[in-house]
Amino acid sequence: MKILLSCLFFFNVLCFVLFALDKRKAQRAQRRIAEKTLHLATLPGAAPGAWAAIVLLRHKNRKAAFWGITLVLTLLQGAVLYFTWPYFRAQL
């Protein structure tokens with residue numbers, strides 16, 4: 001369980017850092033990180049990191065299509081957590 005939580009923490013920090021790097025590149029008019037890459041970074045349980053970056057950094061907060069995909073990924077991660085929670089709870 002500790003390994004899983006460590007991995008989730010790592011992926012959330014990585015996702016937040018990628019969003020921050022993309023915001024910095026946008027401010028400097030440099031080549032940006034593709035939205036597909038940001039979504040792929042969000043996929044392995046990093047929705048909290050993505051939402052934290054969207055809200056705290058105010059990055060990608062005006063793009064409804066980006067929000068929609070991030071919301072779908074969040075709901076998908078929530079469903080996975082909901083259905084796997086009994087298994088993890090049994091391991092405690």
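Predicted model: local features only at pLDDT ≥ 70, side-chain atom pairs only at ≥ 80, totals over all residues.

1. Let me begin with Glu-35, which is partly exposed at 27% relative accessibility; that label covers the range between buried, under 20% relative accessible area, and exposed, over 50% (1.4 Å probe, protein chains only). Glu-35 lies in helix H2, and Lys-63 in the loop between H3 and H4, so the pair ties together parts that are 28 residues apart in sequence. Their side chains meet in a salt bridge at 2.5 Å, N to O. A salt bridge here is a side-chain nitrogen of Lys or Arg within 4 Å of a carboxyl oxygen of Asp or Glu. Lys-63 counts as partly exposed, with 39% relative accessibility.

2. Residues are numbered from 1 along each chain as its sequence is written, and side-chain values use heavy atoms, with hydrogens and water left out.

3. Which residue forms a salt bridge with Glu-35 with the closest N and O atoms 3.1 Å apart? That partner is Lys-60. This pair also links distant parts of the chain, with Lys-60 in the loop between H3 and H4 and Glu-35 in helix H2, 25 residues apart. Lys-60 counts as buried, at 11% relative accessibility. Taken together, Glu-35, Lys-60 and Lys-63 form a network of salt bridges.

4. The structure holds 3 salt bridges, and one further pair deserves a look. Arg-32 and Asp-22 meet through their side chains at 3.0 Å, N to O, in a salt bridge. Arg-32 sits in the loop between H1 and H2 and Asp-22 in helix H1, 10 residues apart, so this pair too links distant parts of the chain. Buried or exposed: where does Asp-22 fall? Asp-22 counts as buried because its relative accessibility is 0%, whereas Arg-32 is partly exposed, with a relative accessible area of 39%.

5. Next, His-39, which has its place in helix H2 (residues 35–42). Helices here are DSSP runs (H or I, at least four residues), numbered from the N terminus. His-39 is buried, at 11% relative accessibility. Leaving aside neighbours within four places in sequence, His-39 is in contact (heavy atoms within 4.5 Å) with Phe-66, Ile-69, Thr-70 and Leu-73.

6. The largest nonpolar core has 13 residues, of which Cys-15, Leu-18, Phe-19, Leu-38, Ile-54 and Phe-66 touch the most other members. Such a core is a set of buried Ala, Val, Leu, Ile, Met, Phe, Trp, Tyr and Cys residues joined through side-chain atoms within 4.5 Å. H1, H2 and H3 each supply at least two residues of this core, and H3 gives the most, with 5 residues. Not counting residues up to four places away in sequence, Leu-18 touches Ile-33, Leu-38 and Ala-41.

7. Last, helix H3 (residues 47–56) has Ala-47, Gly-49, Ala-50, Trp-51, Ala-53 and Ile-54 as its buried residues. Their cover includes helix H1 (2–27), H2 and helix H4 (64–91). Just after H3, do look at Arg-58, which takes a positive phi of about 55°.
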